[in-house]
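Biologist: Please take one part of this model, its nonpolar surface, and go through it with me slowly and in detail.

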Amino acid sequence: MAAGEAENPRVVMPRAYNKVFGRLTAFFVLGSLAVGINVPYNSQEISDAIENGKPGAAASPYVIAMNRLRIRVLPDIVNALVFSASFSAGNSYVYCASRSLYGLALEGRAPRFLTRCMKNGVPIYCILVVLLISLISFLQVSNGTATVLKWFVSIITASQLINFSVIAFTYIRFKRACDAQGLARDELPYKGRWQPFLAWYALSGCVTMTLVNGFAVFIHGNWQITSFFFSYTMVGVFPVLYFGWKILKGTRIIKSEDVDLHKDVEGIEEYTRNFVPSPPGNIYEKVLNFLFD
């Protein structure tokens with residue numbers, strides 16, 4: 001998604017890929033380790049916050065860790081960061097969803113009116129459709145915040161796992177096409193290590209986690225229709241959309257030997273050769289360049 005609108009993607013994107021592992025390790029793995037050291041697994045504060053549906057960061061293990069350490073100011077800061085992070089995540093997903101919908105419309109896989117844009121190129125109708133979907137959040141008016149959050153987490157988790165499964169499967173097919181047509185990965189601008197084994201590992205892991213995402217509802221005494229619905233709806237919707245489109249439009253799965261691996265390559269190479277980086281226009285852009293370059 002980012003590569004489609006990034007400047008000089010053949011240079012910028014490989015650099016970004018190489019930094020992802022370190023950042024994920026620092027923020028998530030080390031963060032989880034730090035929280036696990038300070039907050040016990042059977043913390044009564046977490047249980048009470050989840051069961052009572054407390055808003056904000058009340059159920060955050062980071063806030064609970066700070067409270068246990070008797071650091072008064074930091075829990076308030078975390079609440080503010082949670083709010084800003086929620087806004088940032090919402091903004092990011094509106095962007096991704098609207099651009100995905102716009103791309104589908106351009107390919108004829110969504111209503112044609114969604115291709116209309118404003119003068120500055122913003123797909124306004126796609127954004128409006130995505131924002132209308134966000135009205136589902138008002139479900140919390142009649143249900144507890146924790147319950148609605150659990151619904152959203154379940155359906156989004158399943159959607160994301162299916163998304164990553166498709167990404168892994170697409171790469172596996174791409175690798176097979178490269179092998180079938182004699183295209184060495186050394187000729188590509190970027191190549192990952194230990195492929196396609198890691199892609200198969202990612203595919204099997206994502207598929208497995210998708211199927212066991214809502215396993216708790218099958219435990220005796222835990223059956224809930226809403227939990228089952230939000231955990232497994234996308235598992236049923238995805239094949240219906242995929243095979244339904246195949247049947248409706250009569251499309252076929254392209255063989256590895258017939259996959260077009262050279263489409264638009266000449267234009268991309270010419271863009272890369274002639275690219276001239278634009279200097280930062282203000283101090284804000286200079287700071288961003290310093291942090292992310």
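Modeller: Helices here are DSSP runs (H or I, at least four residues), numbered from the N terminus. The model is predicted, with local features needing pLDDT of at least 70 and side-chain atom pairs pLDDT 80 or more, while totals for chains, interfaces and linings use all residues. Residues are numbered from 1 along each chain as its sequence is written, and side-chain values use heavy atoms, without hydrogens and water.

Two elements, α7 (197-211) and α8 (225-249), each give two or more residues to the patch, and the largest share, three residues, comes from α7.

As for the salt bridges (a Lys or Arg side-chain nitrogen within 4 Å of an Asp or Glu carboxyl oxygen), the count is three. In one of them, Lys191 pairs with Asp186, the closest N and O atoms being 2.3 Å apart; Asp186 is exposed, at 60% relative accessibility, whereas Lys191, at 42%, is partly exposed, a class that lies between buried (under 20%) and exposed. In another, Lys175 and Asp179 come to 2.9 Å between their closest N and O atoms, and both residues sit in helix α6 (residues 145-180), four residues apart, about one turn of the helix.

Note on methods. Buried means under 20% relative accessible area, exposed over 50%, partly exposed in between (1.4 Å probe, protein chains only).
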